[in-house]
Amino acid sequence: MKKGMLKKPVSILLALLLILSLQLAPLAVFAEEDSDDYFKHIEEAVRLVNAERSKEGLSEYVVTYDLCYAAYLRAMELSLVYDHVRPDGSQWYTVFDDYGIKCSNASENVAYGFKSISDVVEAWMNLPGNRANILSTDFNYIGVGYYHDGVYEYWALLFITSDVEYGEEEILTISSSTCEQPGQLPEDIYDEIEENLDETAETEESGNIQSIEVAQVMGKGMPIEDGSLYNMQLHVAGKNTAILVSLKKPVTVDPSGKTQYVIITREEKEIARLKPLGAEKKTNLLEFLPQNLKEVDNWAEGDYTITAVVGNDTGSVNVKFRERMTMRILAVPIKGNWGGEIKSCEGQWKTGGKFTQTVYPLKNGGLIWELAPELDLSDSKYDLTTDDGCYEVWKALASKKTRDNRYTLIVGFARDWQGEGGKYAGYTYGMPATVVTETDQDMMATVAHEIAHCYDIGEEYPGGAINMKVNPAPYGTEGVDWYTREEIVANKEFIKGNRDEFGYGSLILPEQHPYEPYGRGLLGTMVSYMGYGAKQSQIWTTSALWEHLFKSFAHNGNQIFSAGNEEEQEQEKRISLIDISGTINKDGTVILDPSYHYEGLWEHVEEPEGKGYFAVLLDKDGKELEKVEFGVSFTTMSNPPISVDKAPFFVTLKYSQEVKAIEIRHGTETVYRAEATENKPELSFTPIPSDKEFTGKYTVTWQSEDKDGDKLFYELWYAPNEEGLICLANNITDTSYEVDFDALPGGKEAKFYLYATDGINTTIIESNSFAVEYKAPEVLTEQSEPQKFRVTDEIYIEVDVYDPQDGYMYEPEGQIVWTDEKGEIVSEDYALLLFPYELAIGEHTFTMTATNSGGKSVSKEYKFIIEDDESALPQSWSREEFKQALMYWLVDPSLMYGYANDASRIDLAATAVNLYFMIAEDIEEIIDNIEFSEESPYSDFEDEDGYAELAVTFGFLTADGDLFEPHKPVTRSEMVDVYCKVLEKAGFEIDQNARFKKEYADIGELTGVSRTNMAYMNSIGAITGYGNDILAPMDFATREQVVVVAKRIVDALFE
C-alpha cells in the first residue's frame, strides 16, 4: 500500500447553522479499542499538533471531550465512507448537530493508511490547507478521533471556533502521566452507524417482493464475521449494473414489461423504466438490465431510488453510486529464455485485464491496461527454468517502476510456466512487479489475484499467506498469517470451499446471486480469484474482496488529494529523495544496487512492510540523518509458494547533501555500508536531430565524467509527451543505447531523461525535444467468422482498440467510427448497437475505423448474418409494415423494446416528430431554427433526445407546466388526434367530410373533432379497426400501432 491517504480540510461558517444548546457527552472508546492504547494515540496526536503551533509561537489548542467524541465518530465513519460526506449522505459538519456542539466556524482534517500519528501530522503539515488549520489563529478548540478497523488506522481532527466557556471537567488534559480511562461509549453505537448506512439498501417490502438487489458482481454479500447474507451496498458509478428482484413465490416472467418493470429515479426524476429479461418461465428472481449505460445516465454518481413493480406488488430501495479511483497497469510481454529455448508471447496478454475490469470496483474503462513494448530477456542470465533466472526477470520488470508510482503494478507475461520443471504458474518477489503465464487457462484471474496483493488481500489456498481480517480462506485451510507470518488455520466454518469441483478458494454461493451484467448473467456457484486450480469460467469475486477494494479505491493510490476548502490551493512540495534497493541473501550478505537520488513527492512514497532490517543515511560524523525499517521474505508469492535463498528490498528515504554513507542493518548489526564520494557525475547528451521525425533504430549517446574516478551507472527513460515515462535501460554502464522507435509511442515533443549515479551521488539531465512518428492503433477484438443473429435480436458488440499514444480508445466519442456497406456512419463509439429489425435477413458487413490523436487510423470489418425468426413475433400483422417504417426513419430504436406494449406519451411524441420531419416541406429550414433548452424543461424526466420538447413546441402534444408525464399511456383516439395535428402543421388538410369505410359498432364513443379525425384516418387506410367491426378508440394504443399508423399515413400521402 501507499504511504497513506489524506483529504483536504473542509471549513464552513456555522454562525446560525448550529443553534442547539451544548450537550456534553463523555469521551469514550468503543469496545473494539483498547482504552490505554487509544488514549496514547490521542495524547500523542495532540502533543504533536501543539508542538507545531509552539514552533510558530502560537498558543496550544484546548482539547474537549465532546469534540473528541464527535471526532471519534467521524473516524469510525471514515472506515465506512472515506469522504467529507458521512455514510448517511450528510455533510461532515452535521456531526456537531449529533452532539449539540455550538460553534461559529469549523474545519476537519482526515487521513488513513499511515502507520504512525507522527507520519499523519507530518503529512498534514506538508499540505497547505491542513497546515493552515493546525496553525490557525481562528480556532480555539479541537477534538481528535482515532479508529482502527483491523486493517487501517483512520484519523479525524476537528477544529472549531466557539464562545462556549468549557469547565475543567469538560476539557481533556494531556500530560506526561497516564490518562484515566474515560466513561464508556454505548457499545451499540458502531451498529447504529452501520445501520444508518444499511438503510439505503433496505427494501420496502410489499406483498410478494422480498428484496431488490443492485448487482454489479452479485446481489447479496456475506460478511466475514458471521456468514449471514445482506444486500450489496457499495456500488461504483459508471459500471455495468443489473437489478435483481427476489420474490417470495415464483411468478411467470412477463417479457413485455406490462405487469413487471423497474423504475430508476435519481434526484426525484425518472430516468429509466426497465422490463425483465428472459422468456416466459416461472422464477423467484426477476432480472432487469438497461439496454445500455446511456439509458441510465451512465449510473452517474449520486442517490437513486429503484422501484420494482410485480403485478400488484411494489417495493423500493434507495442506493448510492460512488466514484472510485482509476487503476493503471503496465502490461509487459517478455521475450524469455527457457533453458536456451526462446519464446515470445502471442497476444493473449493484451486483453489480460478484462476479468479484473469486470470483478474489481472500477467504472467501465477504470482499468487502464497500458501495453508496453516487448522486453527482451532472452539472455541466459534470465533463464526462466532456474530460480536465479526468475529472480533476474522480476528485477528487470521492477526496474520499469516510475518514481511517481504511476503504475499500480507491472505485470510481466511469460509464454510458458517458470521455474525448474515448470513449477510456477506465476510468481513475484513483491512489489512492484509480478510474472504471469500467458498460456495459463486462468491467466486473467491470475492478474486480478496479483493486483489484489497490493491491497493487503491474502491467499485462499493451503500454504499461502492468509489475511483473516480481509478475506478469510475456506475453513480448515492451513497457511501463514498475512501480517505475522506465523502458522495459522482458517477458523470460520461458514467460509466454504470445494476442492474437487472448484480447486482452492472460498466459494460464492448461488443464494448470493453472483451476476455478470451484459455477459453471462446469473452465474451459480463460483470460486474466489484468490484461490487457484479452477477453470477461468468458474472464477469470480467474493463480497469481502469487492468491499475491501471499494474502500481502498476511494482515492487514487498514487497521490494524496483533498476535497473542499476551495480557497486553499494545494501546492505540490517536491523534496530530495533517494531510492535504495538490493538483495539480501539467506546467509546474511547484501548486494546493493546503485542508488539514485532525485526530486519527488513524499506522498508518492510507499511505506515498506515488515521488520528486522534498516536502511540508514549518515552524515560525515556518523550521525543518523534518516532511517527506515523494512522486512524481507525468503518465500516467493508464487503459486505454489517456494522457499528461495535471496530476497529483494526497496525503500525510499528523504535525502540531503549531508549524506556521506548508506548502511543496511539487521537489527543493530551493520551488514552493508557504502561510502559517498565528494563529487557528482558530470553528464551531457549528444544533441538529437530535431528536424526529422524518427522511425526505426537510433543510437542515443551521452558524455560523462566522474572526478572521483567512480564507476558510473545509468538509467535511460523515454517520454513521448509530458505525462508518460518509459524506462529503456536500467543500471547500464555503456554511454550509448540503441533505441527502436518503431516499438515506442510517437510524440511531437519527445525527450530522453538520463540518470547517472556513482552509487549515491546522482545527476539527472534531459535531452532536447524531437519528433517520433505516431503509430497506428491496434484492434484487439477478433472475429474469426460471421456472427449469427435472429432478426428479432439486439446486436451489441464492443471492440478493444489499443493505441500506443492514446491508450485504450473508449473516449472521446469520434475516435472510433462504424460505417455500413454504403459508407454511412452508424455509430461513433467503441460499441456497435443495432436494434431488432434494423437489419434485413442476410449477411451484413460493418467497418470499424479507429483514428488516434496523431491522425493514424486502422480499420477492421465485422460481419453479421441475420436469420429469420417468425416464431419470436407475438403478432404477425405488423411485421412487414414495421420494417418499412424503419426505412422511413419513423421509428426511434428505443421503441423496438416491447413493441407490443402500450404506447406512452413519449413514444407518440417521438414518432409524431419523426413523421413531421418525413412529410414537412422546407425541413432543413425547420431543423436550422430548432433551439433546445439547455436543460430539460420538464421536472419528471430528462428528455435527452428532445422529442417531448419538440412535440410540445410544434403543438402536437401539451404539457402541464413542467410535467410531461412521459410514461402515461395514450389511447388510439389520442394517437389519431396527434397525427392530424402533425398533418396540419406540415401543410396538409384534414377532409372534414371524410366518411368511415364501414359501420363500426363503437363509432358512438367518438364525438366532435376526434370523430372527424378518426373518420379521415379510416378513409385513407391508416387505421382499419379490428376484425369484429370495432375501432376500439378508447383502448390504449400499442407501440407497433403507433408506428404502423404513421407509416400508413406516409404511404397515403405519397402513393
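Strand S6 spans residues 209-215 and is mostly covered. Six of its seven residues are buried. This is a predicted model.

S6 pairs with strand S10, residues 242-252. The two are antiparallel, and six bridges link them. Ser 211 has Ser 246 of S10 as its bridge partner. Strands of a sheet pair through backbone hydrogen bonds, in either a parallel or an antiparallel sense.

## A three-strand sheet

Another group of strands forms an open sheet. Its order is S48-S51-S52, and the pairing is antiparallel. The edges are S48 (778-779) and S52 (807-808), each of which pairs on one side only.

S48 is joined to S51, residues 801-803, by two bridges. These two strands run antiparallel. Val 801 in S51 is the bridge partner of Val 779.

## Lys 788

Lys 788 lies in strand S49, residues 787-790. Is Lys 788 buried or exposed? Its relative accessible area is 57%, so Lys 788 counts as exposed, the cut-off being over 50%.

Leaving aside residues up to four places away in sequence, Lys 788 touches Ile 865 and Glu 867. Lys 863 is 75 residues from Lys 788 in sequence. In space, the C-alpha atoms of Lys 788 and Lys 863 are 8.9 Å apart.

## Helices H13 and H15

Two packed helices are described by the angle and the distance between their axes. Helix H13 covers residues 905-919, and helix H15 covers residues 947-954. Their axes come within 8 Å and cross at roughly 65°. The crossing is left-handed.

Which residues of H13 and H15 make the contact? H13 supplies Ile 906, Ala 909, Ala 910, Val 913, Asn 914, Tyr 916 and Phe 917. H15 supplies Tyr 947, Ala 948, Leu 950, Ala 951 and Phe 954. By class, the contact has 11 nonpolar residues, one polar residue and no charged ones.

## How H15 is enclosed

H15 is largely enclosed by the rest of the structure, because six of its eight residues are buried. They are Tyr 947, Ala 948, Glu 949, Leu 950, Ala 951 and Phe 954.

What covers the buried residues of H15? The cover includes H13, helix H14 (923-928) and helix H16 (972-985). Just after H15 comes Gly 955, with a positive phi of about 90°.

Notes: Residues are numbered from 1 along each chain as its sequence is written. This is a predicted model: local features need pLDDT of at least 70, side-chain atom pairs count only at pLDDT 80 or more; totals for chains, interfaces and linings use all residues. Side-chain values use heavy atoms; hydrogens and water are left out. Buried means under 20% relative accessible area, exposed over 50%, partly exposed in between (1.4 Å probe, protein chains only). Helices (H or I, at least four residues) and strands (E, at least two) are DSSP runs, numbered from the N terminus. Two strands pair if DSSP finds at least two bridges between them. Axes are lines fitted to C-alpha atoms, for helices over the stretch in contact, and angles run from 0 to 180 degrees between N-to-C directions. A crossing is left-handed if the near helix is turned anticlockwise from the far one by less than a right angle, and right-handed if clockwise. Contact means heavy atoms within 4.5 Å. Ala, Val, Leu, Ile, Met, Phe, Trp, Tyr, Cys and Pro count as nonpolar, Asp, Glu, Lys and Arg as charged, and the others, Gly among them, as polar.
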